[in-house]
Amino acid sequence: MELRKDYFADVRKDGLHEIGQPRPRLDSPGHVTGKTAYFADRNFPGMLHLKMVRSPHHHARIRSIDTSEAEKHPGVVRVLTARDVPHNVYTILILIQIGPEDETVLADGKVRWKGEAVVAVLGETERAAQEAAAKVKVDYEVLPAVFDMEEALKPGAPLVNEYHGQNYYLYDSGECRKVRFGDVEAGFAQADHILEQSYQSSPIEHAPTETTGCVVAPEGNDRFTCYTNTQAMFFTLDNASIILQMPGSKLHFVGGTVGGGFGGKVDVIVEPIAILGAKLTGRPVSFVYSREEEMQISSPRAAEKVVIKDGVMRDGRIVARKVTGYTDAGAYSRHSPYGAQKGAAHYPGPYTIPNVWIDTYCVYTNRTPSSAMRGFGVTIGDFALEVQMDKLARLIGMDPLEFRFINAYRDGDMKAHRQPTEGAALIECMQEASRAANWPVAEKYMAMSSYRKGA
Amino acid sequence: MAIRRGRGVAAINYPTGMNLGGDPTQALVHSTPTGNFMVTLSSVDLGQGMKQIMAQICAETIGVPTDRVVVDTADTDTGPHCMGTFASRGTHRAGNAVIQAAKEARQVMLEVAAEELEVNASDLETDGQGNIQVKGAPQKSISIFDVALSAHFKRGRSISGRGMFLIPRSYPEKETGAMKPSTCYAHACTVAEVEVDDETGEVTVLTVKNVFEIGRALNPKMVEQQLVGGSWMGISHALYETTEPYYPNRDHGGTDFNQYLMPGPGDLAQTEIIVLERPSADGPFGAKGPGEMCANPQIPAVANAVFDAVGVRIDTLPITPERILRALKAQTTG
């Protein structure tokens with residue numbers, strides 16, 4: 001790595017004692033010698049193991065659940081169903097008043113994706129819990145499922161989630177989050193060229209070394225300590241408090257040392273049911289995802305579809321950009337309504353475009369609920385935007401890097417979501433990339449600056 | 001049939017934080033009787049080095065070496081509230097809270113030292129080595145060890161501080177979308193060079209040259225580890241990863257690392273990282289959040305490089321050999 005201190009030296013005070021120093025990490029020796037304690041290193045006498053019975057269907061009505069054989073299985077201590085969960089229908093963003101509650105801790109009457117949790121089995125050993133889970137009999141009436149976002153948005157499509165009433169999230173702005181800036185149709189009318197292209201991604205797994213999980217211990221004083229690898233301690237505690245209808249003062253969360261998150265550990269999935277198990281049995285409970293559960297059950301990065309229509313001038317200026325983004329939330333909201341909204345604010349990218357129209361939709365389908373992941377609401381948008389930029393440059397016969405200089409945002413430029421640009425540095429990054437990659441651009445671009453006189 | 005070379009570029013920015021829901025983090029700082037400092041948080045270290053960075057931020061602010069600071073996180077019985085570690089917010093939000101708490105503790109520390117040295121607190125400075133001295137007269141000094149002992153056993157002072165950083169919630173305007181969803185932006189530009197085998201569709205990323213602007217490299221070694229890892233993840237997203245290879249078809253999802261592919265040691269591109277620092281107005285020592293941003297520009301840069309190499313656009317991720325071969329076939333037959 002090379003630190004290029006010559007850029008922005010006029011606005012930076014160097015020479016600090018501790019900041020800017022490449023100090024060795026104080027936690028590294030523990031990590032590399034295996035001495036760092038993670039949640040799964042907690043082991044308590046009498047600890048039970050929780051395994052889930054999961055839906056084999058993408059969409060089905062539950063006619064009945066028979067747990068009698070599972071309960072008789074040797075080593076099984078308790079079997080939990082929806083009726084054991086005090087506040088079974090929840091949504092995590094309710095903490096910031098983003099509803100409606102749309103997801104069940106344990107399925108009640110219906111399953112909406114293959115892999116959805118239906119029954120929780122607590123056993124003396126992992127094996128006992130797993131074997132007993134296989135003995136739970138669930139009678140399903142399979143329903144038509146929808147997997148394709150466009151199909152889901154058509155009239156007459158199977159309804160994925162009754163709590164929403166339609167297959168998209170209803171924002172206060174309507175069926176999508178909107179950004180309107182300038183007059184996009186006037187921009188297209190004046191453009192020399194128009195290019196409309198569609199981009200698509202597929203769900204992506206966080207792939208942390210340590211799978212999602214927790215260990216819960218009753219403290220004997222009506223309090224429960226939850227050792228967890230959540231990325232958000234109080235967010236998880238407060239959601240658990242709602243789901244379990246327990247005062248937050250009864251809950252003690254210990255964590256903060258996690259073997260990789262990447263956004264995959266901000267859903268509140270394992271803690272509430274494990275705490276409930278500990279409460280109902282009076283024994284410690286461990287609930288740890290297998291690698292298969294981590295990959296196919298825990299939320300992935302959403303698949304997205306991004307349609308970009310641009311109006312561009314022969315001289316390289318983009319004069320209009322219209323973006324329609326679709327986020328595949330799967331069967332439940334989790335963080336997806338937020339991610340789609342974050343995308344609306346991110347488009348049209350780090351470029352100054354006078355006429356912008358953005359619509360971002362959060363769409364429900366019968367697949368594993370997606371949620372946050374590194375680059376949430378932005379990563380796939382950047383893929384689409386930057387491939388589109390390459391196509392536009394080639395369309396007008398311009399060097400792709402020079403084309404970006406022409407449109408790059410600078411200090412003071414108004415963004416489409418009506419925030420003035422501050423602290424821009426895109427131009428300088430491109431100048432340095434031009435040098436480092438030996439990709440020469442015209443001198444006038446190398447002389448540009450993100451600063452504006454008087455700004 | 002041939003191995004074809006191409007290169008592509010992408011430039012991006014990335015927001016820090018998530019204030020569409022309100023974005024708070026708190027911190028507490030106190031000294032031990034012998035002048036070590038405890039930072040108490042409920043922020044989560046995902047392995048990226050949160051604890052180390054908070055220790056360095058506290059140390060710089062108080063004016064002691066980093067090894068005099070211990071970070072205690074995350075226990076909800078002791079640590080004050082943190083929204084969580086996501087949205088590239090950890091260093092920025094928690095760092096600001098730690099600075100505020102450490103400043104308050106530093107002020108008490110200087111007041112106790114002033115009493116011991118019989119000078120005004122405003123005339124004192126720290127030397128960064130564990131001592132407090134009179135500005136312009138460094139021979140008149142006292143160790144922080146002795147100041148802490150005095151505070152605890154003689155003066156009855158608590159060398160401690162409370163820190164709070166809050167970005168208030170922004171509500172998007174319904175019709176225009178006017179909103180303030182984040183604070184400072186990090187930036188990047190990546191140039192990727194690839195080889196594409198037009199017989200097998202296989203892509204080899206030869207080099208990635210990443211320029212990242214991150215506000216301030218608080219610990220350059222840790223910045224490097226995060227940026228190199230992010231660059232790898234971007235290539236992995238571009239060419240390898242998905243839980244649903246035939247999306248929207250739900251079948252064929254990988255269930256372990258044999259089926260869910262990511263680039264291994266033999267697939268690593270030659271990776272160059274260049275860092276620029278334009279300090280942000282509201283970041284701790286100017287830092288921005290580069291944690292997510294660093295994995296984004298490689299994806300379009302690789303996609304553009306593939307087009308440069310073989311003349312087909314793969315607009316669906318991941319860019320698998322199958323998709324490349326199908327596009328090449330369509331190109332020749334079309």
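A residue is counted as buried if 20 or more other C-beta atoms lie within 10 Å of its own, with C-beta atoms placed from the backbone. Strand β8 of chain B, residues 160-167, shows what this count picks out in a model that is predicted. Its side chains alternate: B:Gly161, B:Gly163, B:Phe165 and B:Ile167 point to one face and are buried. Strand β2 of chain B, residues 23-31, pairs with β8(B) in the antiparallel sense, over eight bridges.

Another strand of chain B, β9, covers residues 185-197 and is mostly covered, with eleven of its 13 residues buried. Strand β9(B) has a pairing with β1 of chain B (residues 3-15), where 13 bridges join the two strands and they run antiparallel. Within that pairing, B:Val194 of β9(B) stands opposite B:Gly6. Strand β9(B) also pairs with β10 of chain B (residues 203-213), again in the antiparallel sense, over ten bridges. There, B:Lys209 in β10(B) stands opposite B:Val191. The hairpin that β9(B) and β10(B) make has five residues between the strands, and in it B:Gly201 takes a positive phi near 80 degrees. Strands of a sheet pair through backbone hydrogen bonds, either parallel or antiparallel.

Strand β1 of chain A, residues 2-3, pairs in parallel with β11 of chain B, residues 270-276, over two bridges. A:Glu2 has B:Ile274 in β11(B) as its bridge partner. Contact between the chains as a whole involves 102 residues of chain A and 98 residues of chain B. On the chain A side, the element that gives the most is helix α12 (residues 426-436), with seven residues. By type, the residues of chain A that touch chain B divide into 48 nonpolar, 27 polar and 27 charged.

Chain A can be taken next by itself. It has 455 residues, of which 55% count as buried, and it holds 13 helices and 18 strands. Its C-alpha trace spans about 80 × 65 × 35 Å along the principal axes. Among contacts in chain A with a separation of 6 or more, 77% come from residues 24 or more positions apart.

The chain is divided into domain 1 (48-142 + 211-296) and domain 2 (177-203 + 300-446). Taken over C-alpha atoms, the centres of these two domains of chain A are 39 Å apart. Contact between them involves 17 residues of domain 1 and 17 residues of domain 2. The domain 1 side of this contact divides into six nonpolar, seven polar and four charged residues.

Helix α6 of chain A spans residues 233-244. Its twelve residues reach 16 Å from the first C-alpha to the last, close to the 16 Å expected at 1.5 Å a residue. Nine of those twelve residues are buried, so α6(A) is largely enclosed by the rest of the structure. Among the buried residues are A:Met233, A:Phe234, A:Phe235, A:Leu237 and A:Ile243, along with A:Thr236 and A:Asn239. What covers them includes strands β5 (89-90), β13 (224-228) and β14 (251-254) and helix α7 (270-281), which belong to chain A. Just after α6(A), A:Gln245 takes a positive phi of about 50 degrees.

Elsewhere in chain A, five strands form an open sheet with mixed pairing, in the order β10-β18-β17-β16-β11. Its edge strands, β10 (177-181) and β11 (193-200), each pair on one side only. From one strand to the next the twist averages 5 degrees. Inside the sheet, β16(A) (residues 304-312) and β17(A) (residues 318-330) pair in the antiparallel sense over nine bridges. A:Val307 has A:Thr324 in β17(A) as its bridge partner. Helix α10 of chain A (residues 379-395) packs on this sheet and touches β11, β16 and β17. The direction of α10(A) makes about 30 degrees with that of β16(A).

Notes. Residues are numbered from 1 along each chain as its sequence is written. Chains are lettered from A and ligands numbered from 1 in the order in which they are written. This is a predicted model: local features need pLDDT of at least 70, side-chain atom pairs count only at pLDDT 80 or more; totals for chains, interfaces and linings use all residues. Two residues are in contact if their C-beta atoms, placed from the backbone, lie within 7 Å. Helices (H or I, at least four residues) and strands (E, at least two) are DSSP runs, numbered from the N terminus. Ala, Val, Leu, Ile, Met, Phe, Trp, Tyr, Cys and Pro count as nonpolar, Asp, Glu, Lys and Arg as charged, and the others, Gly among them, as polar. Two strands pair if DSSP finds at least two bridges between them. The expected span of a helix is 1.5 Å times one less than its number of residues. Domain bounds come from an automatic or database domain assignment. Axes are lines fitted to C-alpha atoms, for helices over the stretch in contact, and angles run from 0 to 180 degrees between N-to-C directions.
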